[in-house]
Amino acid sequence: KGKCPEDGWDESTIELFLHELAIMDSNNFLGNCGVGEREGRVASGLVARRHYRLIHGIGRSGDISAVQPKAAGSSLLNKLTNSVVLDIIKLAGVRTVTNCFVVPMATGMSLTLCFLTLRHKRPKAKYIIWPRIDQKSCFKSMITAGFEPVVIENVLEGDELRTDIEAVEAKIKALGAENILCVHSTTSCFAPRVPDRLEELSVICANYDIPHIVNNAYGVQSSKCMHLIQQGARVGRIDAFVQSLDKNFMVPVGGAIIAGFNESFIQEISKMYPGRASASPSLDVLITLLSLGANGYKQLLKERKEMFSYLSSELKKLADNHNERLLDTPHNPISLAMSLKNLDENNDAAVTQLGSMLFTRQVSGARVVPCGSVQTVNNYTFKGFMSHANDYPCAYLNAASAIGIKKQDVDVFLKRLDKCLKTSRKESNKGKVVNDVSNSNTGTEQLED
């Protein structure tokens, strides 16, 4: 039926299924005589076993979704994977999605593929409207495709950074709709930035007949992000939304899903991909979803949401204990941010040092964001880089509740963060005392005391 099984399969069943697919490929036929340049020959038995002897990859030279006559098993694997993934996207909340395909590139390059496909539909366009998010790959995706990003600064509402809808519409009017390739919006993001106002952006895109591409990098795991996409497509226009395989399905980095509501446009994107492609990302996600089943994946989504509530409440307690506060970002369903005003006021370097301390204590993924850092990306200079704004009011630390996180991860993180904050405060206070002493007329006496 091309759907994810409700209950997961055991490993033996999955392996039997993959071997059945593999023996349908010509390189695994008994007595096969290959005289072409690409015959699925593999020198290492270890490599062959790692890929379950599915060596031919997916697609043909002109279309990544096309069927290969000499690789019926690999082609079937590709079709089934796309169908199962489509089923999961619907299950996760985007119920009216019509088509998707797994592409063996991460999110940034997959976005580039979408922009390149739109180029043929809008030959005059050279600008992409982009509500700012300080993440390099989504910015580079536009540059790599040969377009000029038009950065729309976010507006501060309470602690949250939100889409400036008025600025987006004003820029469209100023540049002319025909000169704009698309609006490039974002759902999943680091707090205090929150998902873009997708419904309002989608209505603007529909009104001005401008395509709308959504970077949904790790949004499949969030019912709120998926609801925003569903609503955006319902009230306005969303042409495609792109999500990472590793972040949403816990597989190795290297694949993404491009999905949309217009079947023919998604097919156009798949045909834009030049040549065949690796089957590894498709194989990884198919094995994962067959082993989890729909019920297993739903359980992971439920646990992630529960862990978000737990992380939020416990991080708030820790923040209060250190005279900091958990920033109020109710529109961000995955990422949290805790202020670092005390560290920041005492010593700017202490903020960066806190990040190093956490990393050396095996806390990965936590981001420490100082105030006012400047970074140039592809000749574009961003003030306050990593904070999604030129002048965010305070330094802060990010932590996220992503799919697969366990209570133990949260507890260990909080324990280590507590120790690091205490150490940082001591060191900051020492530095302050030394500075106060050196600036005093009776500094020598105070130092002796």
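# Strand pairing, a lysine site and salt bridges

H212 in strand β7 is the bridge partner of V183. The structure is a predicted model, in which local features need pLDDT of at least 70 and side-chain atom pairs count only at pLDDT 80 or more, while totals for chains, interfaces and linings use all residues. Residues are numbered from 1 along each chain as its sequence is written, and side-chain values use heavy atoms, with hydrogens and water left out.

**Strands β6 and β7**

- Strand β6 (residues 180–186) and strand β7 run parallel and are joined by four bridges; two strands pair if DSSP finds at least two bridges between them.
- Helices (H or I, at least four residues) and strands (E, at least two) are DSSP runs, numbered from the N terminus.
- H212 and V214 point one way from β7, whereas I213 and N215 point the other way.
- All four of these residues are buried, where buried means under 20% relative accessible area, exposed means over 50% and partly exposed lies in between (1.4 Å probe, protein chains only).

- An unreviewed UniProt entry annotates K247 as "modified residue: N6-(pyridoxal phosphate)lysine"; UniProt positions are given in the numbering used here, feature names are shortened, and annotations may be inferred rather than shown by experiment.
- K247 sits in helix α9 (residues 245–249) and counts as partly exposed because its relative accessibility is 36%.
- Leaving aside residues up to four places away in sequence, K247 touches T107, A217, Y218, Q221 and I403; contact means heavy atoms within 4.5 Å.
- S222 is found in the loop between β7 (212–215) and α8 (223–235).
- With a relative accessible area of 1%, S222 is buried.
- S222 touches R304, P333 and I334, again not counting residues up to four places away in sequence.

**Salt bridges**

- The model has 16 salt bridges, each being a side-chain nitrogen of Lys or Arg within 4 Å of a carboxyl oxygen of Asp or Glu.
- One of them joins the side chains of E268 and K121, at 3.2 Å from N to O.
- E268 lies in helix α10 (residues 263–272) and K121 in helix α4 (residues 107–121), so this pair ties together parts that are 147 residues apart in sequence.
- E268 is partly exposed at 33% relative accessible area, and K121 is partly exposed at 46%.
- E303 and K406 meet in another salt bridge, at 3.9 Å from N to O.
- Because E303 is in helix α11 (residues 280–321) and K406 is in the loop between β14 (396–400) and α14 (407–438), the pair ties together parts 103 residues apart in sequence.
- E303 is partly exposed at 25% relative accessibility, and K406 is partly exposed with a relative accessible area of 44%.
- K317 and E314 form a salt bridge whose closest N and O atoms are 3.0 Å apart.
- K317 and E314 are three residues apart in helix α11, so about one helical turn separates them.
- R132, D134 and E153 are linked in a network of salt bridges.

**Nonpolar surface patch**

- I23, M24 and L76 make a nonpolar surface patch of about 260 Å².
- Patches are made of residues with over 30% relative accessible area and no salt bridge; like charges are joined within 9 Å, and nonpolar side chains (Val, Leu, Ile, Met, Phe, Trp, Tyr) within 5 Å.
- Accessible areas come from the Shrake-Rupley method with a 1.4 Å probe, and for residues only the protein chains shown count as cover.
- L76 belongs to helix α3 (residues 72–92) and counts as partly exposed, at 35% relative accessibility.
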